[in-house]
Structures are given as structure tokens and as C-alpha cells.
Amino acid sequence: MTNGIMRRDFMNGVAMTIVGTYGLERAGATPSAATDGATPAYPPAQSGLRGSHVGSFEAAHRLRDGVPFDLTGAVINEHYDLVVVGGGISGLASAYFYQQRRPNARILILDTNDDFGGHAKRNEFRVDGKILIGYGGTQSIDSPKRKWDRVARDLLKDLGIDVKRFNVDFDQEFYPRWALQHAVFFKKEVFGSDRLVRRPFGAWGEFDENPTDESSLRHYLDQMPISDRARAQLFEMYWSDRDVLAGHTAAQRREILEHTSYSDFLRRYWNADDDVVKFLQTRTHELWATGIDAVPASETMSYPGLKAQRAALAGQGDDEEEPYIYHFPDGNASIARLLVRKMIPSIAPGHTMDDIVLAPFDYSTLDRPGQAVRIRLNSTAVDVRNVARGVEIAYVNGSSVFRVAARDCILACYHAMIPYIAPETSEIQRTALHANVRAPLVYTNVIVRNWQPWRKLGVAYIENPGGTFAAYLDFPVSIGGYRFSADPSQPICIHLVHTPTAANQGLTMREQYRAGRAWLYATSFDDLEREIRDELGRMLGPAGFHFDRDVTAITVNRWPHGYSYTPTPLYDDPAHQAEISKQARQRLGRIAIANSDSGWDAYTHVAIDQAHRAVRELIV
């Protein structure tokens, strides 16, 4: 590096690897802040390699590889009413719901990371005296009216979150005010030349609103470095009402769309040119974490080539769309922070959704003796089993193994981890748990001194179908004392998203997720930084961007186990899926199972609902 870009915990992470992999000791004491598994003073301010950081997964991988831990010397000297394994939103909500039902309960939450919140990760930066906050995972409160049930909405209410506030806090006029649009970067290695093409129609954050002006559409397509045949096909897919499934009934259309990938649909029914497929290949990445070759056409109904199918099936399962504005500056990390402050009031001042954004959190209060709820970070559960009087839990912290006892236990960790730590799971349940193969993700925050290049280009979102990272400006949210960077001369957070896949190799969604995870674990921060430097330079360089001058910090939130697996008819029989969903979350004595994996969908309200269900199973 040439400009001192912050990446402190990348180096700290290397040290953690050396300590965390060898020479584990048995212990009977409670881990202290002085252990080699200690949490940084303020984890959100750490930059470099975050997310599933070095030191957070080695113990789990040791179990996966068949190397157990020796628990014989670890003495139990702590007893709780509830131990929760996993400090993400589902784990925190589990503790909260349990405390509601048993106000005097003593609760311990164990989490393998050096911060709470799981994928609801907060990244915090200071540039020229200004605080910038970014999200490193769970992004928004998605469709609260349509998707969130009473349990999840009531939790938001308990936490003081009024989603109507975002109608004001999210500056919905920001993009039109600055004439910022969606754009596509065509990368030379795939399309023959580097070219950024700004889309002149639709809303900034939507991939494909139906263009209403033929000349604008033609101008947009004419700028693309694709074949004439592909250009003509895309025009027809966008503009015409051609029905490639004419003569089919509604049921037949659904059957085709649900059991045909979008890529195959384009090739089979539109005879799509290769350039058409390459242009659209990554269109499904942000929602499904895989390309159009592994997503059914039924899940891409707003995309080119499906206009007639939308019309033919209109009203069949359609829901009213809600604006995508329900967003804290740190994403849903604010929900996690509100939950923690609710259960451990001494951690931070305040009591509202406004003050949570800038509230100073004192991490030294998370695990203090005597308080009703304790959160113990850097602690990986390695054995959870029922005993005569409840549950015993063994976990690794730093270089030592510890054991605690509890009346009840909730596993709010990844489903795939449960077979390795809960020996009482049956073979049927293990198989069901392993079927939830999480999608790998990379959420990167790049802090720049200004966003003048974006203003000059007139873009807020840059799709990158031939490359690695899609890039977009931070959401325009100002809440409490926090103010969005509303002027192009101000520093801002640029969000980059990458979903590693193994596209067009005939692999299923699960197989692609496994391949992407292997790639991600083998890829270093330096490798990712080089790619970020290269692609941002090529996207924004023509508008005056210079990486060494403009970039002040990079935080890469690496999630090898990201989105929970969401079944689709393309690969999953609905009846079989319903059965394995029940099998996977089946209670084991006094051990209940939560996490969004239990709902087989990667949304915050699902994580909350599954926490509520798990608590109900333990407390009738």
C-alpha cells in the first residue's frame, strides 16, 4: 500500500490465527478481557478484513475436520437459566423474548465473533473529523407492512423503531436532485472494452423499470459494447409484448418458469445471443447470491424477456411493493444495538431509534458478573448436550476450553454447525441441517474523500456483469445527530458487493455456494484490495477518481456463510422441503433451534420469528 489505508485488524487477525489454532488449554475460570481471545476496545471501528474475521471460525473448522476438543478438564462454575449460542439478531431476540417470559432469568449469549449482531455488522470510520457509518451485512428492514408479522413488528415497537420515520429520514429526493441514475460497467475482459453506460430511464435503484420512451431505450442499448444481434434482442425483450409462451395456460406457464433457470429461458425461448446472457448474468446476485443460470425464471419476472409473462400472470400472487427506504446508516446493526441496550442498559446512554445511531457503546460492560444478561464474544460453542438438570455447553475462548450449565439452551447459530456441536441430533436431522447451505457474500465499505466522480458521471449505482464488484453510493439517510454526506465535496461511504459463484458450469445453487465459499476462504484481503483498486479505477477514473488520493479506508466484510439458503422449485421439491424444514429445527430436549436458517430465508423478520418460536418451545 502507498497511502496508509486503514486495515488494522487484518494484521491483528493474523496474530489471532497463530494463537487460536494451537495449544488449546482446559480451564474452569470465566474468560477475562486479558485472554488472547479478547475483543478490541470498539470492534465497529476496526477496518481491514471483517465479517467472518480470522480467529472466528478456526474452532468450528476443527470440529468439521473431525478433530474434537478435550473437555475433561473444563470445570463447570457458571450456571444460567438460558445459554444462547449465536449473538446475531436471532440470538439476541431469543434472549429478549426469554427475558420477557422469565424476567428474573440469568442469560449468557456466546458468539464466535469479536462483535455482536452476526451479519448485522456495523462499520464505523472517521474522515477529516466526520463520522461515517456503513453496514457490513444485513442491510434494511425490508417491506415491514407486507412481510413483517405481528411478532416482528411488536419487537420493533418495543425497541422504539417507528418505520414511518424513514419516510423523512431517508431523503427520497436525493437521487433526482443530483440526477443520479443506475449504470452498467462493461469490463474489457468480458465485453471487449471498458465502458460505463448510464441508463436514462427508470429509478436509480431498480434494474428494469419498463422504459416508456423508445428513443431513450435505443440510445441506452446503442452505447453497449455488445453484438448487433444482442442489441436487437434486448430491445425486443424490453419493449415488445411478444409472448414466447403463447398458447400455454397459466398453470403451464408457471410450471415452465419455476423449473427453468432464467438463463435457460432466455436461450430456449428467445434464442438469446451470448452477449444478452452475459449482460444479464449477475442480475440476480444481490438477492440470490448466484447468477441467472441457477435462479428460476419465476423469480426474475421484472427482467427483460418476461414482460408478456408478467401480464399473463398478473394478480397471481402479486404483492404491493414497498419503498426500499427502511434503513439505518449501519443497516440492521441498529436493531442489534437496540436489543443489546435494552437488555444491558449500562452499555450505552439513550433509549430511542434516533440516539442509537451515535450512542457510544462500552464493550467492557457486555460480560460483567451479576447482570441479568451477559454477552461473551470470541467464544465458539463446541459441545452442547442435555443432562439430567438441563444443558451443558462447552466453548472455546482464546486458547482455553470452558464449560457452563443452563436450564435451557437455544442454538441461534448456522444450521450447518449444529451437527458438529450437538451430538444428540439424529442422522435424519443432521441431513436436514446440512441441506441449508448458506450463500457466500462480500460486503465492502470503501471510504472516499468526496463523491465528485459520481456526480460528474450522474450515477449512484454501478452494475458490473463482467467483473467482481457492483458499487453504489451510501443510502441518503440522516437520523438523530448523524448526517448523510449530501454534498459531492464531502467524504462518503461507497458500498461494494461481490457474490462469488461458479457460474455456467451446470452446478446447482448449493454447489455454487460451496464453490464460492472455498474461493472466499482462500482469497486474501490483499487480493480483494487489488481487485477493488482496479475496478474502481476503471469505473470512475475517467471522471477524475484516483485511488491513492481519494480512498482513506477499506473494510471488507467477508461472509463465507452469508445468506440462509432459500429453496426454489428449480432444485427443491416443495413437499420435501417442508419436511426437512421441520426436521432441521426439531427441538432436542431442552435445546431449541432458532436463526433465520430455521425459516429458510435470509431476512431479519424471519430471524426474529424463529427466535420467538424457539422460546415458545422451551417455555410453554
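The exercises below, each with a worked solution, concern a predicted model.

**Exercise 1.** Work out on which side or sides of helix 17 its buried residues lie, and state what they pack against.

*Solution.* Begin with the buried residues of helix 17, which spans residues 427–434: these are Q429, A432 and L433. Next, consider their directions around the axis; because they cover an arc of only 100°, they lie on the same side of helix 17. Then turn to the other side of the helix, where E427 and T431 are exposed. Finally, look for the partners of the buried residues, which pack against helix 16 (418–421), helix 22 (574–584) and strand 18 (591–593).

**Exercise 2.** Determine how many disulfides the model has, and explain the result for C413.

*Solution.* Recall that a disulfide is a covalent bond between the sulfur atoms of two cysteines. The cut-off needed here is that the two sulfur atoms must be within 2.5 Å. For C413, the closest cysteine sulfur is that of C409, at 8.4 Å, and this is too far for a bond. The count by this rule comes to zero disulfides. As a further step, check the accessibility of C413, which counts as buried at 11% relative accessibility; C493 is also buried, with a relative accessible area of 1%.

**Exercise 3.** Decide whether R374 is buried or exposed, and find which side chain it joins in a polar contact.

*Solution.* First locate R374, which lies in strand 9, residues 373–376. Its relative accessible area is 6%, and since buried means under 20%, R374 is buried. Last, examine its side chain, which is joined to the side chain of Y80 by a polar contact of 3.4 Å.

Notes: Residues are numbered from 1 along each chain as its sequence is written. This is a predicted model: local features need pLDDT of at least 70, side-chain atom pairs count only at pLDDT 80 or more; totals for chains, interfaces and linings use all residues. Side-chain values use heavy atoms; hydrogens and water are left out. Helices (H or I, at least four residues) and strands (E, at least two) are DSSP runs, numbered from the N terminus. Buried means under 20% relative accessible area, exposed over 50%, partly exposed in between (1.4 Å probe, protein chains only). A polar contact is a pair of N or O atoms within 3.5 Å; within protein, one must be able to donate a hydrogen and the other to accept it, and residues adjacent in sequence count only if both atoms are side-chain atoms. The arc is that of the directions from the helix axis to the C-beta atoms. Contact means heavy atoms within 4.5 Å.
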